[in-house]
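Visitor: I would like to go through this model step by step. Please show it first.

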Amino acid sequence: MTSYTLEPYTELPNEYQMIKKTPNTNNARIGIQYGLTDSELLSLNTNIDNMDRRGWSFVEHSPENLKRLTPDTKKGNSQSWKIIVVILNEEGCMKGALRGDDGTIMLMSSLSPECQIDYQYRLIKSKDKEWKICQARMIAPLFFWREIQYRI
């Protein structure tokens, strides 16, 4: 049986990543996260004593922020998306949970042009010509994961 859990990220212990547990593996980190269901996200244990936002704040559910979080890829263009929750840090990194027309959820991180300068990993295009999507798993403060659960 497959289950999901949140675990602290080693390099940023106040931020958490989703781990997939299957009969064959106990800690499969999930890459770009498409096709998640409400039940998978609601099953995450967010009952952890950690309210540290570390410079992250909620931002507007605007058309501009939706473009910044939507990958300009076959999957990103396959349906319409709506923001469930979006946060931004002081450095220009945005994280969001988006719901597609099919009811599934994708988790995306997007970087401003300034934030891209020092980022050393793979980026893909977003619907915003200047912002780029991180091709990586979601690592976010606990309040982000809790807020997703509150809103779905």
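Visitor: What radius of gyration does the protein have, and what would a compact globule have?
Guide: This is a predicted model. For 152 residues, a compact globule would have a radius of gyration near 15 Å. The protein agrees with that, as its own value is 15 Å.

Visitor: How many helices and strands does the protein have?
Guide: Both kinds of element are present, and the strands discussed below belong to this set. The count is four helices and 11 strands.

Visitor: Is strand β7 mostly covered or mostly open?
Guide: Buried here means under 20% relative accessible area. Across the protein, 45% of the 152 residues count as buried. In β7, residues 93-100, seven of the eight residues are buried, so by that cut-off the strand is mostly covered.

Visitor: In which sense do β6 and β7 pair, and which residue is the bridge partner of Trp 81?
Guide: Strand β6 spans residues 81-89 and is joined to β7 by seven bridges, in the antiparallel sense. The two form a hairpin with three residues between them, where Gly 92 has a positive phi of about 105 degrees. The partner of Trp 81 in β7 is Gly 100.

Visitor: Which residue in β8 stands opposite Lys 95?
Guide: β7 also runs antiparallel to β8, residues 105-111, with seven bridges joining them. Four residues lie between these strands in a hairpin, and Gly 103 in the turn has a positive phi of about 90 degrees. Opposite Lys 95 stands Ser 109.

Definitions and conventions. Residues are numbered from 1 along each chain as its sequence is written. This is a predicted model: local features need pLDDT of at least 70, side-chain atom pairs count only at pLDDT 80 or more; totals for chains, interfaces and linings use all residues. Side-chain values use heavy atoms; hydrogens and water are left out. The radius of gyration is taken over C-alpha atoms; the globule rule is 2.2 Å times the number of residues to the power 0.38. Buried means under 20% relative accessible area, exposed over 50%, partly exposed in between (1.4 Å probe, protein chains only). Two strands pair if DSSP finds at least two bridges between them.
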